[in-house]
Amino acid sequence: MISAVVAKRLVTGLCQAAWRPAITGLVSSRSYRGDTPDDTRGDLIEIPLPPWDERPGEPTDIKKRRLLYESRKRGMLENCILLSLFAKQYLNTMNENQLYQYDRLINEPSNDWDIYYWATEAQPTPEVYQGEIMDMLKEFTKNRNQEKRLDAPNLEYLDKESL
């Protein structure tokens, strides 16, 4: 004989299984359609970003600290990790021209994916961003030393080094 507890669990399980398709059918589901040929993209909203402004009178130490912060706080985790590790390694050694190039590179493009694709060489870099810093970033992205790059660097290194 089946105990009352087992019978109750069995009946409850059957009832829940019977109701799932009916409940699922009532819930409207929205999903990503992808880039289908008939997608007019009429539902996309273009958010205007303020134009990048060069800061000509900014002191070098302030510029390096700002660029370090902007390297760490990106719109996507991949660039946050990549650019913050790149900044940790190279920012202290950059001259004024390199700082200008880096500032323009990380702040002028409106899409972080563009920077990522250029750095990984998945897409060609536009001529305006091609230069010494982009070459350094592309080489850094190749990770020839096979370092573990799973997270942005801890900020404790700032206590040991001065920007």
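How exposed is Arg104, in relative accessible area? Arg104 is partly exposed, at 22% (buried means under 20% relative accessible area, exposed over 50%, partly exposed in between; 1.4 Å probe, protein chains only). The model is predicted: local features need pLDDT of at least 70 and side-chain atom pairs pLDDT 80 or more, while totals for chains, interfaces and linings use all residues. Residues are numbered from 1 along each chain as its sequence is written, and side-chain values use heavy atoms, with hydrogens and water left out.

**Figure 1. The chain has 7 helices and 0 strands.** Helices (H or I, at least four residues) and strands (E, at least two) are DSSP runs, numbered from the N terminus. The order of elements is α-α-α-α-α-α-α from the N terminus on. Of the 163 residues in the chain, 32% are buried. The accessible surface is about 12,000 Å², and carbon and sulfur atoms hold 54% of that surface (Shrake-Rupley method, 1.4 Å probe; for residues, only the protein chains shown count as cover).

**Figure 2. Arg104 pairs with Glu108 in a salt bridge.** The N to O distance is 2.8 Å (a salt bridge is a side-chain nitrogen of Lys or Arg within 4 Å of a carboxyl oxygen of Asp or Glu). Glu108 counts as partly exposed because its relative accessibility is 29%. Elsewhere, salt bridges that share partners join Arg55, Glu58, Arg66, Glu70 and Asp103 into one network. The whole structure holds 7 salt bridges.

**Figure 3. Arg66 forms salt bridges with Glu58 and with Glu70.** The closest N and O atoms of Glu58 and Arg66 are 2.8 Å apart. For Glu70 and Arg66, the N to O distance is 3.0 Å. Glu70 and Arg66 are both in helix 2, 4 residues apart, or about one turn of the helix. Arg66 is buried because its relative accessibility is 12%. Glu70 is also buried, at 16%. Glu58 is buried too. Side chains of opposite charge can pair when their charged atoms come close.

**Figure 4. Lys63 is buried but has no salt bridge.** Lys63 sits in helix 2, which covers residues 60-72. The nearest side chain of opposite charge is Glu96, 4.1 Å away (Lys and Arg count as positive, Asp and Glu as negative; His and the chain ends are not counted). Beyond neighbours within four places in sequence, Lys63 contacts Arg55, Glu58, Glu96 and Leu99.

**Figure 5. Leu67 of helix 2 is buried, at 0% relative accessibility.** Leaving aside neighbours within four places in sequence, Leu67 contacts Leu91, Leu99, Tyr102, Asp103, Ile106 and Asn107.

**Figure 6. The largest nonpolar core has 23 residues.** Such a core is a set of buried Ala, Val, Leu, Ile, Met, Phe, Trp, Tyr and Cys residues joined through side-chain atoms within 4.5 Å. Phe86, Leu91, Met94, Tyr102, Leu105, Ile133 and Leu137 touch the most other members. At least two core residues come from each of helix 2, helix 3 (77-90), helix 4 (96-107), helix 5 (112-119) and helix 6 (132-141). Helix 3 gives the most, with 6 residues. Not counting residues up to four places away in sequence, Phe86 touches Leu91, Met94, Tyr102, Ile133, Met136, Leu137 and Phe140. In soluble globular proteins, nonpolar side chains tend to be buried together.

Methods. Contact = heavy atoms within 4.5 Å.
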